[in-house]
Amino acid sequence: MEKGFGTTRAMRGGAWALIAIPAVLGLLYLGACAPMMALMHGRVERPAASEFGFGPRQSARGLYVATIEPTETLRVRRMHRLRLTLRAADQAPVEDVSITIDGGMPEHGHGLPTKPRVTGNPGPGVYQIDGLKFNMGGWWELRFRIASAAGTDSVTFNLEL
Amino acid sequence: MATPPIVGFGAVAAAVLVACAAAASSGRRWSPEEVETIRSLWIGELEPLPADPSNRYADDSAAVALGHRLFFDTRLSSNGKVACATCHLPGRQFQDDAPLASGVGTTTRRTMPIAGTAYSPWMFWDGRKDSQWAQALGPLESPVEHGGTRAQYAHVIAEHYRDAYERVFGPLPDLARVPRVAGPVEDAAARAAWEALPAADRENVTEVFVNIGKAIAAYERRLQPGATRFDRYAARLRADGRAPAGILTPDEEAGLRLFIGKANCTQCHNGPRFTDDHFHNTGVPAVASLPEDLGRAAGAKQVLRDEFNCRSAWSDAEPDQCTELEFMVPEGEELIRAFKTPSLRGAADRAPFMHAGQIATLAQVIDHYDRAPRAPAGTTELRPLGLTREERAQLEAYLRTLVAPIDADPRLLQPPRR
């Protein structure tokens, strides 16, 4: 008897599975699988179009407002020079600052092909950056870590090459 | 009045089907983005040859003629049998079809082709040299390539090339006190002889040695990639996306679509030379019989301390002209087993593939990129592509359209007349 009962339950379970498995698979495919696949492929959510460009952009903690200005149109495989303008929250130019630069392609998980750095300070709150290069087309992040008397903060620009 | 939903659905489905069928057809119609990418690969986009500020003789035609002779001269070797042209065969795209190069011994790397390298900021698979002339000097002092010493080479110039040399570089220094075998090489006796020389003599010998490199570079600078069948196609591709007929087969066109799309090839093989001039770990297998090869992680260190780099006393460049060296990434995880992206121009005709000839056929190379295996060290940048068998064949068909004879004065592709 017990054996028979067990078999019946299993059969009922099988019937449920006929409906449930495709449903679950479908849901997984539509919902969970896409982000999971994206994760497996190292894909990250691309920011909205409004998040791209040369700024002005506010730093993560709101200490600085930064604007970048390339000296020529950004192109793949070219060495570029940028001007970075830094203002404090009260619009005052940011002086006596330490700036480090990094970045990369979040979708591909690699960094910048070069190591750009500040090479000049042509005006109050204006910094010249040299040695910036992009070796492929697509979405690039360019990040400045800024440390001054006002505090340490970072600002990220999204660029499309 | 409202359209029944079922009719609306039917219309949408029909439109989708038509769109899908069009996308899957021979690929004769390209989107504006695709047109832009295809044009970016076209040889017509190649910029005029950039000046080489580190070599003031780079565009001197007498230096080209001297470099041409030196390139083919086997006297520039320890056994009198090895010239640059021994591994860099002019009739074979200046490479040797072998997994590892053989000079007086056997190297640990695949011979690289030369056409178009005047555009490259970095030389060798690991970028351990930053100019064509500095590159040319490496094999001359390698114990397994030319195997000789800079003192020997200076004497060869004095004995066989005095006039041609002096026309370009001015008077040869006095080499009377310089032994025939001496140089900062692995061989202990040659090194001891070198260290015993007065500094002024070492300087004189090195100057002649550097000028040998600069003459060879002037010659190599004249070797450029030729226009291929793909270039004819790209040149005639119209801005509205309509493709020219009769240049590429439907399979080759489909391969081109994969190359710039699903297969992600242009991530690294971009621009008219099909290279981003950078270094990538693509999970290429290690060769068990060879010592561990860290690629760019080692090359970066070497170029920074290279006796002949752009910032060295032997370079003709001003320090502010050495931007590649100045702003290079000197170390880091990403450099481990990263190797230079080779140009794909002519690559289909250059088996075996990869930095030590690890992969025998083009089909196997495509299979490697499709599977994206784990790297033996460091981390591969590849992700599996999920290509079908047909797609892999189409990609291969496209790569075979990128082959063309080298663009150079035909006399430069032959041994010089004596």
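The legends below describe close-up views of a predicted model.

**View 1. An open sheet of 4 strands in chain A.** The strands of this chain A sheet follow the order S5-S4-S8-S9, with antiparallel pairing. Strand S5 (110–111) and strand S9 (151–160) of chain A form the edges, each pairing on one side only. Within the sheet, strand S4 (residues 98–105) and strand S8 (residues 139–148) of chain A are joined in the antiparallel sense by 7 bridges. A:Ile99 has A:Ile146, in S8(A), as its bridge partner.

**View 2. The disulfide of B:Cys310 and B:Cys322.** Over all chains, the count of disulfides is 1. The bond is formed by B:Cys310 and B:Cys322, whose sulfur atoms lie 2.0 Å apart. The link between B:Cys310 and B:Cys322 is left-handed, with -80° about the S-S bond.

**View 3. Cysteines B:Cys87 and B:Cys268 of chain B.** B:Cys87 takes part in no disulfide, and the nearest cysteine sulfur, belonging to B:Cys84, is 9.3 Å away. With a relative accessibility of 12%, B:Cys87 counts as buried. For B:Cys268, the closest cysteine sulfur is that of B:Cys265, at 9.4 Å, which is too far for a bond, because a disulfide requires sulfur atoms within 2.5 Å. B:Cys268 is also buried, its relative accessible area being 14%.

**View 4. Packing of helices H14 and H15 in chain B.** Helix H14 (residues 362–371) and helix H15 (residues 389–399) of chain B pack with their axes 10 Å apart and at an angle of about 125°. H14(B) and H15(B) are therefore oblique to each other, and H14(B) passes H15(B) in a right-handed crossing. On the side of H14(B), the contact is made by B:Leu362, B:Ala363, B:Ile366, B:Asp367 and B:Asp370. H15(B) contributes B:Arg392, B:Leu395, B:Glu396 and B:Leu399 to this contact.

Methods:
Residues are numbered from 1 along each chain as its sequence is written. Chains are lettered from A and ligands numbered from 1 in the order in which they are written. This is a predicted model: local features need pLDDT of at least 70, side-chain atom pairs count only at pLDDT 80 or more; totals for chains, interfaces and linings use all residues. Side-chain values use heavy atoms; hydrogens and water are left out. Two strands pair if DSSP finds at least two bridges between them. Helices (H or I, at least four residues) and strands (E, at least two) are DSSP runs, numbered from the N terminus. Buried means under 20% relative accessible area, exposed over 50%, partly exposed in between (1.4 Å probe, protein chains only). Axes are lines fitted to C-alpha atoms, for helices over the stretch in contact, and angles run from 0 to 180 degrees between N-to-C directions. Angles under 35 degrees count as roughly parallel, over 145 as roughly antiparallel, 65 to 115 as roughly perpendicular and the rest as oblique. A crossing is left-handed if the near helix is turned anticlockwise from the far one by less than a right angle, and right-handed if clockwise. Contact means heavy atoms within 4.5 Å.
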